[in-house]
Amino acid sequence: MANTLDKLEVQIQRNEATSEIWLPIEHKMTFLLGKHTDFEVVLTELRDLIEAEGAEK
């Protein structure tokens, strides 16, 4: 659980930064969090919100 929250927190920080400073790999990484959250419904819902915000960037 702590590992998952840590990974989600990193994506939240990326979402807060301007997308101009993102590395190309970070665009792809926005959508790779599922393997860390699929074991818990609440974490999956949180991931969906975080990914949606990242997609807007």
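What covers the buried residues of α4? The cover includes α1 and α3 (34-37), where contact means heavy atoms within 4.5 Å. Helices here are DSSP runs (H or I, at least four residues), numbered from the N terminus.

A word on the basis of this report. This is a predicted model, in which local features need pLDDT of at least 70 and side-chain atom pairs count only at pLDDT 80 or more, while totals for chains, interfaces and linings use all residues. Residues are numbered from 1 along each chain as its sequence is written, and side-chain values use heavy atoms, leaving out hydrogens and water.

**Helix α4**

Let's look at α4 itself. With 16 residues, α4 reaches 23 Å from its first C-alpha to its last, close to the 22 Å expected at 1.5 Å a residue; that expected span is 1.5 Å times one less than the number of residues. Its buried residues are Leu43, Thr44, Arg47, Ile50, Glu51 and Gly54. They lie on the same side of α4 because they cover an arc of only 125 degrees around the axis, taken from the directions from the helix axis to the C-beta atoms. Val41, Val42, Leu49 and Glu56 are exposed on the other side. Buried stands for under 20% relative accessible area, exposed for over 50%, and partly exposed for anything in between (1.4 Å probe, protein chains only).

Alanine 55 also belongs to α4 (residues 41-56). Beyond its neighbours within four places in sequence, alanine 55 is in contact with Thr30 and Phe31.

**Salt bridges around arginine 47**

The structure holds four salt bridges, each a side-chain nitrogen of Lys or Arg within 4 Å of a carboxyl oxygen of Asp or Glu. Asp38, Arg47, Asp48 and Glu51 are linked in a network of such bridges. Here are the partners of arginine 47:

| Partner of arginine 47 | Closest N and O atoms | Relative accessibility of partner |
|---|---|---|
| Aspartate 38 | 3.0 Å | 54%, exposed |
| Aspartate 48 | 2.9 Å | 37%, partly exposed |
| Glutamate 51 | 3.6 Å | 13%, buried |

Arginine 47 counts as buried because its relative accessible area is 10%. Glutamate 51 and arginine 47 are four residues apart in helix α4, so about one helical turn separates them.

**Helix α1**

Not counting residues up to four places away in sequence, arginine 14 touches Trp22, Glu26 and Met29.

Technical notes
Helix = DSSP H or I, 4+ residues; strand = E, 2+ residues; numbered from the N terminus.
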